[in-house]
Structure formats: structure tokens, C-alpha cells
Amino acid sequence: MTSTLSIQGLRVAVGGREVLKGFDLTMSTGEVHALMGPNGSGKSTLAHALTGHPGYRVLEGSVTIDGRELLGLSATERARAGLFLALQQPLEVPGVRPLDMLVAAGADPATVGARVREEAERVGLRPELLERFVNVDLSGGERKRAEMVQLGVLRPRFCLLDEVDSGLDVDALSSVARRLSSAVGEWECGVLAITHFRRLLVELVPTTIHVVRDGRVVATGGPEIAERLEREGYDGFRAPRA
Amino acid sequence: MTTFADSAAAVLDAHPGGGRREAWRAFEEVGLPSASDEVWRYTPLGELGLERHAVATSPSPAAPSDAARRLAAGAGVVLTVVDGYLAPVGELPEGLSVSVDESGRSHTGQALVERYANDAFSLLNAALAPATTVVRVEPGAILAGPVVVLDLAGDGASFARLRVEVGRGAEAVVLEYLEGGRDGLVVPLSEYAVDADGSLTLVTYQRLDESAWQVARTTGFVERDGRLRQAVIGLGGHYDRSRNDAELRGPGAANELRTTYLGRGDQVHDFRTHQLHLAPRTNSRLLSKGAVAERSRSVYTGLIEIEKGATRTDARQTNHNLLLSPSAHADSVPNLDIRENDVLCAHASSVGPLDALQRWYLESRGVGRVDAQRLMIQGFFYEMLEALPDALAAPIEADVASAVGEVARAAQVGS
């Protein structure tokens with residue numbers, strides 16, 4: 001069954017400053033969207049606000065999955081409604097083991113061990129690294145692979161990737177991209193990849209590209225958008241007057 | 001109703017020897033502490049009501065709980081002590097002996113009244129405990145299974161006294177477990193002596209009734225190249241005070257002390273430590289971790305003292321506290337007293353709530369609030385439980401996990 005994630009008129013403040021100023025985006029499961037924009041345009045804010053990060057204050061707007069409003073829900077309920085965030089810098093949670101976290105998140109305790117090993121193999125992560133505490137003592141690339149293992153076990157409807165390509169070597173990048181591409185095929189995972197590099201998009205081919213400037217989407221389209229970006233840079237996409 | 005003073009007088013009349021009268025007189029001179037004494041500043045002494053606690057003149061009819069039986073299941077030898085009275089002992093493995101000492105003397109040879117002069121509660125123990133239970137591991141003996149001492153307290157004033165002696169080159173694991181003490185006053189006094197090259201792994205596990213007052217004191221004496229690893233876990237008690245000292249007396253002696261406490265309701269956990277380095281190349285590692293929820297509070301006060309001549313000593317103390325509600329409170333007071341230059345010495349302490357971003361990370365994976373808190377609190381205690389001896393770890397971990405589950409439900413953290 002196809003689900004639709006709809007973000008409308010979203011305004012979000014961080015530390016008292018408004019960063020998202022009326023953000024609109026709609027996508028469905030089984031689609032890959034890329035969200036591109038310069039530093040400070042509000043891309044990461046979107047990912048954090050959607051998943052209920054405590055530092056982000058929603059001022060106005062609506063975020064729904066199949067019409068169900070998410071913004072009043074806790075971070076847990078949003079995750080259970082189908083949102084998964086892969087972070088730019090996955091947080092360390094000392095003392096907590098990945099298996100315990102996954103079981104508490106709803107994974108089947110009887111099969112989670114085997115599922116984790118399977119998923120680790122698919123992204124080229126040594127399974128013993130997942131016996132360490134969540135993201136502790138892992139390199140940048142290992143952490144992002146570890147989050148793909150979480151994704152594979154939890155099978156969310158939508159995955160938000162927050163600049164997952166920054167600081168990632170080419171091999172790690174392509175295993176992450178390959179895992180996501182197959183997630184789209186396996187359970188019609190919808191992928192929203194936030195990036196300001198084109199590198200990720202070579203491996204993870206988007207159906208739709210959105211350009212964001214100053215807290216709003218200023219252009220939406222197909223691969224031609226990426227080409228135009230290549231030629232003109234972000235300056236070619238003017239932010240509308242508020 | 002029998003008062004404390006009347007019942008104490010009856011005990012002294014029935015058992016006048018072993019320095020009891022001297023200890024009682026010393027107690028009367030010293031008197032109970034008051035809140036104006038710095039080391040008793042955080043103690044709700046007004047709630048103690050010493051007079052309402054009658055001293056047990058014979059063991060109360062206490063039977064070990066299921067929790068005690070689970071611990072005993074992992075034991076090589078189980079000793080049951082009720083209100084300080086040692087129950088008949090079964091067959092013992094070679095190299096282990098258990099006896100009762102009524103001499104009123106410390107391991108050091110001093111009379112208890114001298115050794116514990118000015119410490120009101122230890123003096124009460126010296127006056128009123130029926131005897132010292134002595135667990136002795138012969139030189140060179142290596143015990144296969146842990147010795148579990150079940151210290152059961154009735155609902156009056158209960159005084160147990162234990163001395164563990166580990167001979168030269170011997171190795172043993174001992175668990176001292178305390179339960180009972182409903183509305184009671186529980187005052188255990190323990191000494192642990194590790195002779196040269198000996199090794200003692202000790203767990204002091206306090207699960208008294210949540211109405212009990214405990215004032216406990218333990219002292220380790222470690223000789224040349226001996227090793228005392230001690231874990232103290234405080235879950236029970238209304239007021240739980242535990243003073244854990246170690247004297248590192250011979251070169252190369254080592255002490256590792258881990259204290260763990262979890263406060264709920266109106267509990268107070270009050271931990272005092274004193275690592276006394278008397279000889280060169282001695283080593284102490286102290287890690288104290290506690291969590292306080294609801295209206296509970298904790299106190300950690302630790303002193304590392306390094307004597308002149310204790311060169312190349314290496315001493316560390318660390319205390320971390322989790323605050324799980326706005327009404328909970330933790331005090332952390334590490335102290336150093338160093339009279340030798342050629343040493344390494346460090347201390348660290350922290351008091352704070354669970355990390356809100358770590359919790360969000362777990363929640364953003366779909367973990368519920370209470371489960372996220374439970375996993376994080378359990379993670380905070382992970383290194384404490386990891387160090388427990390294998391044969392005893394499972395039931396203690398299960399107890400701590402269930403206490404953590406309750407605390408996680410009650411916790412109110414940040415945002």
C-alpha cells in the first residue's frame with residue numbers, strides 16, 4: 001500500500017531564529033527524493049524537526065502520513081508512524097546495546113540477532129561491531145552502515161537521510177546508497193536524501209529533486225534540476241521574497 | 001514496650017565480657033551524632049528514634065526470602081546470620097573455616113572500642129553484637145565457589161559483625177547480603193583482611209526493607225601484593241549509610257571499590273569511603289555510581305589519604321550521579337589528603353540528568369520513553385554490574401534491572 005508523506009507550510013525555529021519559513025514537500029513510498037541546498041538553507045532542520053528533536057520548535061504547519069498529523073506526536077510515535085532518520089553524525093548512546101534498542105523499538109526478540117547479522121553483511125559491516133554500545137567506538141563510515149542495519153531491521157516507510165554523504169568514503173557511500181535503493185524495491189521505502197553534493201545521487205538515483213533556499217523549496221523537478229545546479233550553482237535558484 | 005536502653009542493658013547483663021561494657025560506656029560518652037557534625041549533615045537523624053528499636057536478645061524468626069535463596073543457589077557455602085547470631089554451619093570445603101569470636105577484638109588486635117573510638121554506631125555494634133562471625137580461608141587455599149553470608153535482620157535493632165580473613169596466597173569470593181529490618185535499625189560492622197598475595201572478591205549487597213535504617217561500616221586490610229575487590233550495592237533501606245574503608249598496608253597492595261546505589265521514594269543513600277595508602281606502590285580504584293529518582297537523595301564523600309613514604313602510589317576516585325527527577329538530589333564530595341610527592345592521584349565527579357539527545361536518538365528509532373530511560377539507566381550501571389563475580393551476577397543483575405525498570409517509569413527527565 002502506498003503511503004504519502006506531506007509537509008505543508010512548515011515553520012521551525014532553532015534557538016529563537018526561524019529557519020524553515022513555510023516549507024512544502026509531498027512524496028510517496030517507493031519514491032526517492034533529493035533535497036539540495038546550500039549550507040544554512042534549512043535542510044537539516046527539516047530532518048530534525050520531523051523526528052521531534054528537542055532543540056527544534058515548530059511554529060506552524062503540518063506534517064502528515066496518509067492524513068495523520070505527526071507534529072503533536074512524541075518522537076517515538078513519529079518513528080512508529082513510519083519515519084526514520086539517518087543522521088549526519090549518528091549519536092553515541094553509551095551503555096545501550098543495538099539489539100536491546102531494536103527490541104525496545106519493536107523488533108522481534110526471537111529473530112533480531114539473525115536479522116542484524118544479515119543486514120550487517122549486506123552493508124559490509126563486521127557484525128561484532130554491533131555488539132558494542134550504540135555507535136560507540138565506531139568510525140564515521142561504520143556508524144552510517146550501522147544505521148542502515150537499523151533501517152533494514154525496522155523497515156520504516158520513510159527514511160530521511162541527513163547529509164549522510166558528508167565525511168563518508170566512496171565505499172561506505174555506495175554501500176549506504178545500494179542498501180537504500182534495495183529498500184525502495186523491498187518494501188517501497190520512501191527515501192528523502194538531504195545533501196549538498198551530487199555524489200550520493202549518482203548511486204541513489206532520485207525520482208524528484210527539490211532545491212531549498214532560505215527555508216523554502218524554490219524548485220522541484222527531475223534530473224534536469226541537478227544538471228542546472230551543476231551549471232549555475234544555487235545562485236541560479238533565487239529565493240522568493242517573503 | 002521494650003525500649004532500646006532497657007533491651008541493651010539486658011544484653012549487657014547476659015553477656016558482660018568481650019569488651020561490651022567498655023564499648024557501651026564509650027558509646028554513652030560519645031552519644032549519637034547530631035546534624036551539626038559535618039559527616040552527619042545529610043542524615044535525617046530526627047527520624048532515627050533510637051529508643052523505639054529494641055535490641056534482639058536472640059535471633060528473630062527470620063527466614064531467607066526468595067531473593068536470598070536465588071543468591072544462595074550460586075554459592076559454594078551458605079552461612080546464615082540472623083540478628084548477628086550465626087546459625088549452625090554445615091560441612092565446609094577444605095581450606096575454609098567458620099568460627100565465632102567473642103573476644104571483642106578487631107583484626108588489628110586492638111579492642112573494638114579502641115579501633116572504632118568516637119564512632120557511635122560502631123561502638124553500639126561492639127557493645128551489642130552477639131559475636132564476630134569469622135570466615136577464614138587458609139593460606140594457599142583457593143575456594144571453588146563463593147561464600148554467601150545471608151545477614152537477616154528482624155524488626156528491632158540488629159547488630160551483625162563479620163570478619164573475613166584470607167590467608168597468604170589464598171583466593172576467595174564472598175557475598176555479604178543484607179535483608180529484612182522492617183522499621184528496624186541495622187548496624188553491621190565488617191572487617192576484611194587479605195594477607196600477602198591473597199585475593200578477596202567481595203560483594204556487599206544491601207536489600208533491606210525500605211523502612212529500615214542502616215548504618216554500616218566495613219574496613220579492608222590489605223597486605224603486600226594482596227588484592228581486595230569490593231562491590232557495594234545499595235538498593236534497600238529508608239536511610240542507607242555505608243562507610244567503606246581500605247587500608248593498603250603492604251607494598252603493592254591493591255583495592256578496587258565499586259559502589260552502586262539506586263534511590264526511590266524518600267530513600268537516602270549515604271556512601272563514605274576512605275582509601276588509606278600506607279605503603280609504596282599501592283593502588284586504589286574507586287568508582288561510585290548512583291541514580292536518584294522521585295524525592296530520594298544520595299551523598300558520596302570519599303577521601304584518599306596517602307601517607308609519607310607511600311611512594312609510587314596510584315589512587316583514583318570517580319563518582320557519577322544521575323538525577324532522575326527535579327526533586328531528587330545528589331551531593332558529591334571527593335577529597336584528597338596527600339603527604340607524599342611521588343604519587344599519581346586523581347578524582348572526578350559529576351551530577352546530572354539523563355542526556356536528552358541520547359534519549360531522543362533512541363526514541364527516534366521507535367523506542368518508548370520509559371524503555372529509553374530504562375535502557376539508559378541500565379547502561380549507566382553497566383560497568384558496575386559487569387564486574388560482579390560470575391556465580392553471583394545473574395540474580396543481582398535481575399534485581400537491579402527490575403529496580404531500574406521502576407525508576408525509569410518514575411523518572412522525569414529534562415524536556
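In this predicted model, Ala246(B) has Gln275(B) as its bridge partner in strand 16 of chain B. Helices (H or I, at least four residues) and strands (E, at least two) are DSSP runs, numbered from the N terminus. Residues are numbered from 1 along each chain as its sequence is written, and chains are lettered from A and ligands numbered from 1 in the order in which they are written. As the model is a predicted one, local features need pLDDT of at least 70 and side-chain atom pairs count only at pLDDT 80 or more, while totals for chains, interfaces and linings use all residues.

Back to the strands of chain B. Strand 16 (residues 268–277) runs parallel to strand 14 of chain B, and 10 bridges join them; two strands pair if DSSP finds at least two bridges between them. Strand 14 of chain B also pairs with strand 12 (residues 213–222) of chain B, again in the parallel sense and over 10 bridges. Here Val222(B) has Leu248(B) in strand 14 as its bridge partner. Strand 14 (residues 239–248) of chain B is mostly covered, with nine of its 10 residues buried. Buried means 20 or more other C-beta atoms within 10 Å of the residue's own, exposed means 12 or fewer, and partly exposed is in between, with C-beta atoms placed from the backbone.

Chain A has some antiparallel pairing to show. Strand 1 (residues 4–14) and strand 4 (residues 56–65) of chain A run antiparallel and are joined by eight bridges, with Leu5(A) partnered by Ile65(A). Ile65(A) also stands opposite Arg68(A) in strand 5 of chain A. Strand 5 (residues 68–69) runs antiparallel to strand 4 of chain A, with two bridges joining them. In this hairpin, two residues lie between the strands, and Asp66(A) takes a positive phi near 50°.

Elsewhere in chain A, Ala34(A) sits in strand 3 (residues 32–36). Ala34(A) is buried, having 24 other C-beta atoms within 10 Å. Its contacts, leaving aside neighbours within four places in sequence, are Ala193(A), Thr195(A), Leu201(A), Pro206(A) and Ile209(A); contact here means C-beta atoms, placed from the backbone, within 7 Å. Val211(A) is 177 residues away from Ala34(A) along the chain, yet their C-alpha atoms are separated by 8.4 Å.

Then there is the meeting of the two chains, where 21 residues of chain B are in contact with 23 residues of chain A. On the chain B side, the elements giving two or more residues are helix 6 (356–363) and helix 7 (369–380).

Helix 7 of chain B also packs within its own chain: its axis and that of helix 9 (residues 390–410) of chain B come within 8 Å and cross at roughly 135°. Axes are lines fitted to C-alpha atoms, for helices over the stretch in contact, and angles run from 0 to 180 degrees between N-to-C directions. That makes the two helices oblique to each other. Angles under 35 degrees count as roughly parallel, over 145 as roughly antiparallel, 65 to 115 as roughly perpendicular and the rest as oblique. Among the residues making the contact are Val370(B) and Ile377(B) of helix 7 and Ala401(B) and Val404(B) of helix 9.

Helix 2 (residues 20–30) and helix 5 (residues 120–128) of chain B pack at about 155°, their axes 7 Å apart, and are therefore roughly antiparallel to each other. Trp24(B) and Phe27(B) are among the helix 2 residues in this contact, and Leu123(B) and Leu124(B) are among those of helix 5.
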